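Hi,

Here is the structure I said I would pass on.

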Amino acid sequence: MRLSLSAVEWHSGSWKFDADGVFTPGIHLISGRVGSGKTTLALLSSRLLRPDAGRVEYDGIGSRTLSFQHPEYHVTGSTLGEEAGSYGVDPSAACVRAGLAGREGEDPFRLSRGELKRFQLACILMRTWDLIILDEPFSALDCQGKLAICQSIQENRSSIVLVITHEQHILPRTDYLWEMRSGRLFGLGSLPGALSLWESAPGSVRMLREQGITPANLTRDDLMEAVCMMHG
Amino acid sequence: MHDARIRLVSLVSLSIATFLSIAGATLTMAWLFLSPLTLKETVKSAAFLGVLVFVGIVAVVTQLSGNDGASYFIRTGVILLLAFSVYREWYPGEYLDLSVWLFGTKAGFDIGIAVEMSIQGLHEISREFARIRKAILLKGMKLEFRLIPALGFLLIHTHLMRARDQADLLAIRGFRSGGSCCPVFRTSKRDITMGILAILILSLSFIPVRDIFILQI
């Protein structure tokens, strides 16, 4: 099972996006500055946007989904129960997983954006997909919410999971690191080796690199362990 | 066309000319053909086609009830085409400049900022609609009639949220009424030519056709 982007190009005015890369099962973290083309990559990879040139190929991928940064766009039901039903998941289980137990009859727009985001991600991650694309999954979430989403993402390691984010503090255990730089996709490789090539690395990773320490991965535990090494 | 002042004068002149007669509508159509790229993009716009279909239905009903439905369709169709084409050439800040130039930094600024925010809101709605359509496709659903209330509610909800944020932002910045703005307009030779043509078309539309052409039946 793999997702291939072959000489993909897309233009918007003078801005140009181009990408070449192969995504296999595992967790792919794609970072980059605001406006670097992360959402465009998400739309092209989910085939919701047609490239101007090149090909986006699915090999063995039967089901795919994309979570937008703003959870409101996904709402089609007038209650959380209906909303969970539209994803084909059990409403009460989805509410429990999102920390909203017993609120199946509530209007989705009565929730805060963070609650709605948690609920929408819970609905998506409760199903099995071959390709999961999460555009800014950590936005609007508090620390606990981010950790819970990291856990759910890690449970889907057998799928191809694209985590597109500029989150700097709480990240899932990552298999492959990618970076968008001014509209161009760069494959940095697998961890921990890729960390030395990461231009938009979080401050903690940069600080460790300066001390000559490479964390094993990007989870909070990995970073803590690396910091402990720094202090002997 | 770059200069918003000339564009506004052209829009008003050509709308009146089109409303007055079929000859005015024909000449306005010819004026629109002078900007073929904008016209081509407008004709392809789903929003324009949607409104045109609605106008077409009204025209058919008018014709069937014994009135001049064809004339209504042609004139309203050209006015719509004109409005959509002019709207397509809008760039952010233009109506603020125009309004301040026309009415000054007090009332003009307030009117301008309200118009700018409304137009930006329309642009946002169009972008949001595209995103919502994609989200619906991802759920394996089709954009069908029963989803329209949910979609409408969602668009209103996001619009209200944005309006609240903008209102808060203006309040935090201390906005009460009026403001300073130095309007800047870029005027090309083409703008002037197009503006003169528009005024000429308006003048011609006041003259009966038989005074220009010798018609023999």
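**What I found**

A:Ala7 counts as exposed, because it has 11 C-beta neighbours inside 10 Å; the cut-offs are 20 or more other C-beta atoms within 10 Å for buried, 12 or fewer for exposed, and partly exposed in between, with C-beta atoms placed from the backbone. Before the rest, a word on the source: this is a predicted model, where local features need pLDDT of at least 70, side-chain atom pairs count only at pLDDT 80 or more, and totals for chains, interfaces and linings use all residues. Residues are numbered from 1 along each chain as its sequence is written, while chains are lettered from A and ligands numbered from 1 in the order in which they are written.

Back to A:Ala7: it sits in strand S1 of chain A and has a positive phi of about 50° although it is not a glycine. (Helices are DSSP runs of H or I with at least four residues, strands are runs of E with at least two, and both are numbered from the N terminus.) Most residues other than glycine have a negative phi, and most peptide bonds are trans. A:Ala140 is another non-glycine with a positive phi, about 75°. Its place is the loop between strand S6 (131-135) and helix H5 (143-154) of chain A, and with 17 other C-beta atoms within 10 Å it is partly exposed.

S1 (residues 2-12) runs antiparallel to S4 (residues 53-59) of chain A, joined by six bridges; pairing takes at least two DSSP bridges between the strands. A:Arg2 stands opposite A:Asp59 there. Eight bridges join S1(A) to S2 (residues 15-23), also antiparallel, and A:Ser4 has A:Val22 as its bridge partner in S2(A). Two residues lie between the strands of that hairpin, where A:Gly13 takes a positive phi near 65°.

Now the prolines. The peptide bond between A:Leu191 and A:Pro192 is cis, with omega about 5°, and A:Pro192 is in the loop between strand S9 (184-190) and H6 of chain A. A:Pro215, in the loop between helix H6 (203-210) and helix H7 (220-230), is buried because 21 other C-beta atoms lie within 10 Å. Beyond four places in sequence, its contacts (C-beta atoms, placed from the backbone, within 7 Å) include A:Pro192, A:Leu195 and A:Ala226.

Helix H1 (residues 38-45) of chain A has six of its eight residues buried, so it is largely enclosed by the rest of the structure.

Cheers

Technical notes. Two residues are in contact if their C-beta atoms, placed from the backbone, lie within 7 Å.
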